[in-house]
Amino acid sequence: MKRKERNILYSRNKAEKIVFALVFGIFALYAASYLYVLLWTVMSSLKSNREFFSSPFALPQNWLFKNYLDSFKMLEYNGTNYFGMLFNSLWFTFGGLIISLIVSACTAYVLAKYKFRGSQAIYATALFIMIIPIMGSLPANYKLMSDLGLRNSPLFLITFTGGFGFNFFILHSYFRNLPWSYAEAAFIDGAGHLYTFTRIMLPQAGACLFALAVQGFIGYWNDYMTPILYLDAFPTISSGLFYYQEQIKFASNEPVYFAGVLMSMTPALLLFIFFQDIIMENTVAGGLKG
């Protein structure tokens, strides 16, 4: 009987190893495909335009690092150069990120920790909004932004004050798991609701907020659809490069374009490399002592 059990265990371990090897091989090939595209882009950014079209898959004959300097001069859209696009990307990314995180944190905390009439209806509404496809609400949103005069204006940032979305559900779950004993102890000491939230409850969500901030930065920085639709007069790096490629599709310097693309993705790529563990973690830590 023991021998039979050992054989079953051996067969199970062997099957698990085979499955692991297959899964690892699939993900390795998947990662290699992305790495190949990145390396090809780097090699292409160091070629001349003629060399790029004559031998797109060969190594550069002359490593033209000046393409990165030329991208600052050549890449422009609607009178906005590369530095202007970079500035627009910065205020769009940080403005939208800060506003959305603050409003989402406040909304999530109130709905998670305070029970009042209509709280469940508000949560259900937030869930329903997440279900609606973005393309289904796009025409109405575009019409609303136009009527309110928020298109082609930095005031467009106020549209990030919705409070619902991915950040809301993550923070709502986080606050819901925080013991209310923290707030009760603060109330006994005479603290108000605002002080308790900003000084006691919110700092405990610091790791969660930081992870959402890193994730949000990558998303806002790479977002090109929103600036294309609503901020045509303020092209960001992502939308500006898209416009540049479409405008001079048949007369552009492709290596210079790739150099600009690589520089535009560098901040988000470095942020993910250094903080990937924080992005992946979903830990709730407590600080109550007995």
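Author: Phe258 is buried, with a relative accessible area of 12%. Buried means under 20% relative accessible area, exposed means over 50%, and partly exposed lies in between (1.4 Å probe, protein chains only). The model is predicted, so local features need pLDDT of at least 70 and side-chain atom pairs count only at pLDDT 80 or more, while totals for chains, interfaces and linings use all residues. Residues are numbered from 1 along each chain as its sequence is written, and side-chain values use heavy atoms, with hydrogens and water left out.

Reader: How many aromatic pairs are there?

Author: A pair of aromatic rings is described by the distance of the centres and the angle of the planes. Rings of Phe, Tyr and Trp (its six-membered ring) pair if their centres lie within 6.5 Å; planes under 30 degrees apart are stacked, over 60 edge-to-face, and the rest tilted. The count comes to 32 aromatic pairs. Among them is the tilted pair of Phe52 and Phe258, 5.6 Å centre to centre with 55 degrees between the planes.

Reader: Which parts of the chain does the pair of Phe52 and Phe258 link?

Author: Helices are DSSP runs (H or I, at least four residues), numbered from the N terminus. Phe52 lies in helix 2 (residues 49-54) and Phe258 in helix 13 (residues 254-280), so the pair links distant parts of the chain, 206 residues apart. Phe52 counts as buried, at 9% relative accessibility. Phe52 and Phe258 also belong to one aromatic cluster with Trp40, Phe53, Phe57 and Tyr257.

Reader: At what angle do helix 5 and helix 7 pack?

Author: Axes are lines fitted to C-alpha atoms, for helices over the stretch in contact, and angles run from 0 to 180 degrees between N-to-C directions. Helix 5 (residues 119-131) and helix 7 (residues 166-177) pack at about 140 degrees, with their axes 10 Å apart. They are therefore oblique to each other: under 35 degrees is roughly parallel, over 145 roughly antiparallel, 65 to 115 roughly perpendicular, and the rest oblique.

Reader: Which residues make the contact?

Author: Contact means heavy atoms within 4.5 Å. Helix 5 supplies Tyr123, Ala126, Leu127 and Met130, and helix 7 supplies Phe166, Phe168, Phe169 and His172. These residues divide into 7 nonpolar, 1 polar and no charged. Here Ala, Val, Leu, Ile, Met, Phe, Trp, Tyr, Cys and Pro count as nonpolar, Asp, Glu, Lys and Arg as charged, and the others, Gly among them, as polar.

Note on methods:
Helix = DSSP H or I, 4+ residues; strand = E, 2+ residues; numbered from the N terminus.
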